[in-house]
Each structure stands twice: as structure tokens, then as C-alpha cells.
Amino acid sequence: MRDGVFEAPGRINLIGEHTDYNDGFVLPIALPHVVRVTAARRDDDVLRVESRQADGVAELRLAHLAPGVVTGWVAYVAGVVWALREEGHPIGGFGLVVDGNVPLGAGLSSSAALESATALAVTELSGVSLDRRSLARIAQRAENDFVGMPCGIMDQSASLLARERHALLLDTRTMATEHIPFDLAPDGLALLVVDTKAPHRLVDGEYAARRRDCHRAAELLSVPALRDLDSPDQDLPDRLARRVRHVVAENARVLAVAELLRGGRIREIGPLLTASHTSLRDDYEVTVPELDVAVDAVVAAGALGARMTGGGFGGCVISLVEDTAVEACTAAVKAAFAENGFAAPDCWTATASSGARRADLVPTTTV
Ligand code: GLA
């Protein structure tokens, strides 16, 4: 087959922030919002990319793809083709049209969704068979080595591996997964998302700095990764001690939340979500006032728990709320933002949706 349509979702991480590059656990869900890539193989050696959300067309010769030669959103697409070819996969010319509704710059992983949809499209249409974990690794390599963002493996894994009405428990060291039921409506609950619209500041530099802190701490403590520590309290210089405390405690919180969800005790995860936010604010120092105000406002308005999600420095807050409290929590956040002179936030509720898929084929069998 020469052409097809592929969709990959953005994600929200329920808990397990900044644990993935420490070999730890994460617990994301896929969003209903997707990036859609309409792809057609070409007979020449040109990668042609355009987007319904941006002006212009990029035409790149495959042989010229190299880190640093492409910038902007096209780099996420070109980087995936580059990474596949670097690893010896026979990917030829392609025409790709990108579309989608994952909010951009909101920390919901629109870039991982773009990478994942591209990886699925060009491999499937080229007859290259790679499992989803390998595609996630290719997408991460594109982002690390081609785009130059030293991210972990969570976002790409969520986009490629998540399932509808389930959260994805992922051990980022072994890539072992467990799909844990996460369906809030039958319990009268909702996941309220507050997109704070806070402008991302210094995101990449600060992210890389946190990674360096963790790496340095692991070196000083002589462990392969912070995941290998049993105790959050370690004898280290203050800043490193706080980074370690966040990572070790956060990893334990992921496992505690997973256990509660397995037992159907969803309401009880609330305090763990809020504890995660406090730790990200005070120990890991990746929040901004908009995130802290949003968490405080929804918790004061009756949310069971709330935290920032994603890398931080802007982006979204998630909160677990009784469905009867969605309106009150939304109103409380809007009022608090107005009071603080922040831009108006976007508030909506999210459900756990399915991972990347081909979207133009009608299934011939039902399961
Ligand atoms: C970003 C990165 C992920 C992860 C989160 C923080 O989303 O892309 O790999 O590190 O930040 O949990």
C-alpha cells in the first residue's frame, strides 16, 4: 500500500513526573486529541512535509537529513525519518500532510504525537515491521539527537502504547507495561484539565539542568540511576538532595497510585496527586505561579487532588474531581486567574483514550 492516514494522541501524565530519565515508573493516559498524518510514498528521495496548522512546505532530500539542518516543527517529522534510516530501515521518499487538534505548547506532547504518527505511517507504508516499543525509542531518538531535546521515553510510549479507558503503567527501565483500568465516569468522577496558558520559559535549558542534577546525584551515590535508591533522604548538597527526594518519593507515589487504581480505590489517589505537586514545586522547582495558583484553587474548591502534568514551567494542571464539582472547580480557577492578572485558562475534562492507530482502514474483524 502506498498511502494511508495515521493518528497518534497527546498525553496527560497522571503521576510520575521527571522519573522517566531516572529509569523510574510513569503512569500516563492518552488524550482524545490527536495529530493526524496523511502519508504517501514517493518514487524519489524527497521528504515533503506540510501542515494544515502552519504556512509553507518543506522539501528535504533524504541524504541531506542530519541533526541541525532542520528546525521548527518539521524537525520532529524529519528526525523520525532520519532515526529510522540511521538504524538501517529502508525508508524512501514520502509526502506527509500533518493535521490535528492537540493544543500546541500546552505540555500535552503534541510533538511526541507528531513523532509517533510519523513513525507509524512511514514504517507501515514501507513494510518495515517494528513493534510499538521500538517505534517509541526511534521517536525519542529523533527528539534527543535530531531536535536536540533530551526528553525521556514517557510521551512517545504513551502515544504509541496507551489504551482506551486505561492508564499505562510503564517501567521505563525495562519497558514493561501494565494497562490499569482508569474509567472515571462510572464512579461519578472526572479529570479536570486546566491549560494555564502560561508561556513556557527556559523549558529546554531547565529540563536539561534537572537531568544533569539527577545524573550527578546518582554518580555521587554510586547507583546506576536514582530509581535504584530505597530512601528519599540522602546525604548530598541541598539542591541535589531535594532533586533526589522528589524522584525517589515520586516513584513510590506512582506505585501507590497504581495499586489504588488496581483495587478500584480511585478517590484515594487524590492526596498523592497533590503531594506530587508540592514536591515538584518545592523540591524539583519546575512549577510557575500559574500552576501553583491553579492547584490551590481547585483543591480549595473541593477537588480530591491536583497537580501539574508534564515537564513543568507552564502547561497544564490535572485534578480529580467529583463530576458534580467540575463547574465549581472551573469557576474557582477562572476567578483565581483573573484575581492574579493571569491570562484566562482553558478548562476541559479528559478521558483515557487509545494509542496511535491507522485511521483509514475499516476493520474487517471485531474483537
Ligand atoms: C517531558 C519529557 C518526558 C518527561 C516529562 C517529565 O514531557 O518529554 O520525557 O521527562 O517531561 O515527567
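Colleague: How do E3 and strand E6 pair, and over how many bridges?

Modeller: This is a predicted model, and in it E3 and strand E6 (residues 94–100) pair in the antiparallel sense over seven bridges. If you want a spot to look at, Ala 40 has Gly 95 in E6 as its bridge partner.

Colleague: And strand E1, how does that pair with E3?

Modeller: Antiparallel again: strand E1 (residues 3–13) and strand E3 (residues 28–41) share 10 bridges. Find Ala 8 and you'll see Val 35 of E3 standing opposite.

Colleague: What's the strand order in that sheet?

Modeller: The order is E5-E4-E6-E3-E1-E13, an open sheet of six strands with mixed pairing.

Colleague: Which strands stand at the edges?

Modeller: Strand E5 (57–61) and strand E13 (357–358) do. Each has a single partner strand, so one side of each is left without a neighbour in the sheet.

Colleague: OK, helices. Which strands does H4 lie across?

Modeller: H4 lies across E1 and E3, and runs at about 125° to E1.

Colleague: How do H3 and helix H4 cross?

Modeller: Their axes cross at roughly 145° and come within 9 Å; helix H4 covers residues 154–161. The crossing of H3 and H4 is right-handed.

Colleague: Which residues of H3 and H4 meet there?

Modeller: On the H3 side you have Arg 132, Arg 133, Leu 135, Ala 136, Ala 139, Gln 140 and Glu 143, and they meet Gln 156, Ser 157, Leu 160 and Leu 161 in H4. Sorted by class, the H3 with H4 contact comes to five nonpolar, three polar and three charged residues.

Colleague: Now H2 and H3: at what angle do they pack?

Modeller: About 125°, with the axes 9 Å apart, where helix H2 is residues 110–126 and helix H3 is residues 132–147. That angle is why H2 counts as oblique to H3. The crossing of H2 and H3 is right-handed.

Colleague: Which residues make that contact?

Modeller: H2 brings Ser 111, Glu 115, Ala 119, Leu 120 and Thr 123, while H3 brings Arg 132, Leu 135, Ala 139 and Glu 143. In the contact of H2 with H3, four residues are nonpolar, two are polar and three are charged.

Colleague: Switching topic. What domains is the protein divided into?

Modeller: Domain 1 (3–181) and domain 2 (185–350). Their centres, taken over C-alpha atoms, are 24 Å apart. Domain 1 puts 34 residues into the contact and domain 2 puts in 42 residues.

Colleague: There's another sheet, with E9 in there. What's the order?

Modeller: E10-E11-E9-E12, four strands in an open sheet with antiparallel pairing. The edge strands are strand E10 (305–309) and strand E12 (346–350), and each pairs on one side only. From one strand to the next, the twist averages 25°.

Colleague: How many bridges join E9 and E12?

Modeller: Five, with strand E9 (residues 189–195) and E12 pairing in the antiparallel sense.

Colleague: Where does helix H7 lie?

Modeller: Helix H7 (residues 270–282) lies across E10 and strand E11 (316–322), and it runs at about 45° to E10.

Colleague: And how do H7 and helix H8 cross?

Modeller: At roughly 155°, with the axes coming within 11 Å; helix H8 is residues 289–300. H7 and H8 are therefore roughly antiparallel to each other.

Colleague: Is the crossing of H7 and H8 left-handed or right-handed?

Modeller: Left-handed for H7 and H8.

Colleague: Which residues meet between H7 and H8?

Modeller: Thr 274, His 277 and Arg 281 in H7 meet up with Leu 291, Asp 292, Val 295 and Val 299 in H8. By class, the contact of H7 with H8 has three nonpolar, two polar and two charged residues.

Methods:
Residues numbered from 1 in each chain as written. Predicted model: local features only at pLDDT ≥ 70, side-chain atom pairs only at ≥ 80, totals over all residues. Heavy atoms only, no water. Axes fitted to C-alpha atoms, helices over the stretch in contact; angles between N-to-C directions. Helix = DSSP H or I, 4+ residues; strand = E, 2+ residues; numbered from the N terminus. Parallel < 35°, antiparallel > 145°, perpendicular 65-115°, else oblique. Left-handed = near helix turned anticlockwise from the far one by under 90°. Contact = heavy atoms within 4.5 Å. Nonpolar A, V, L, I, M, F, W, Y, C, P; charged D, E, K, R; others polar. Pairing = 2+ DSSP bridges. Domains from an automatic or database assignment.
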